[in-house]
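Here's a quick briefing to read alongside the coordinates. Have the viewer open and follow along.

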Amino acid sequence: LDGPITARVSPAGTPGYRSRISVDGEVAAGAVVEAFGLPLEDLVGGQTRWRGTVLLPTTSAEAAASVEPEPLRVNVTSNLSGLALYLPEPFSKPASEATGLELDLALDAQRLDVQGNVGATRRFVLTLVPGAEGFELDSAALALGGELPVARAAGGLGVYGTVPMLDFDAWSSLVRPAAANRRLRSGLAGSGLGELFAEAALEIGDFKVLGQQLGAARLAVER
């Protein structure tokens, strides 16, 4: 990931796991985007320090035949200091601002489950499943304003909660291809997020749409 890391290996100390790998490092935003194929080109910048823990499960040969192997577990934390998010509110962030990030990942043969938060008011859960070219996003839920996200059994992307302001035009321009500003829009526009969207239920303090400032609003959209 184009940055220095320090790793330590120790016994897991957790049933079903054989080893724990603790990692400290520093990473550039562009290296993360490139390594994981994230649709965030030109939308993140800078670099930040991070910590991680990997729990390696006991293999099937080591475990009893009747025991289902535990998933590989990864935890990543960072204060994101030094990293900028060039996104509309409520995800805009200057590099100088510290914002807590935590990710918990669980990987087995059938799926990758991810849950986490960016700050205290932006929480999410994701489920990815194996596809033709690696893992594909199957379902996701984003909860804003401090609520807890609930995984969508029906699949697709759901957005819920409360935000102080929302510029619909700004977000729409990021996920829809357009001739103008093609370089900025190419990442999210080609990510398939627009097709994955299923529903939104938001309480908005200041809502802007089609160039109009509408003030406080309640938004309910279902696809």
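A polar contact here is a pair of N or O atoms within 3.5 Å; within protein, one must be able to donate a hydrogen and the other to accept it, and residues adjacent in sequence count only if both atoms are side-chain atoms. This is a predicted model, where local features need pLDDT of at least 70 and side-chain atom pairs count only at pLDDT 80 or more, while totals for chains, interfaces and linings use all residues. Numbering runs from 1 along each chain as its sequence is written, and side-chain values use heavy atoms, with hydrogens and water left out.

**Tyrosine 160**
- The side chains of tyrosine 160 and arginine 152 are joined by a polar contact of 3.4 Å.
- You'll find tyrosine 160 in strand β10 (residues 156–163); strands are DSSP runs of E, at least two residues, and helices are runs of H or I, at least four, numbered from the N terminus.
- Glutamate 199 sits 39 residues away from tyrosine 160 in sequence, but their C-alphas are 8.5 Å apart.
- Beyond its neighbours within four places in sequence, tyrosine 160 is in contact with residues including Ala141, Leu144, Glu199 and Leu202 (contact means heavy atoms within 4.5 Å).

**Aromatic pair**
- Searching the whole structure turns up one aromatic pair (ring centres of Phe, Tyr or Trp, with its six-membered ring, within 6.5 Å; planes under 30 degrees apart are stacked, over 60 edge-to-face, the rest tilted).
- Phenylalanine 91 and tryptophan 171 form that edge-to-face pair, at 6.2 Å centre to centre and 85° between the planes.
- Phenylalanine 91 lies in the loop between β5 (83–85) and β6, and tryptophan 171 in helix α2 (residues 168–175), so the pair ties together parts 80 residues apart in sequence.
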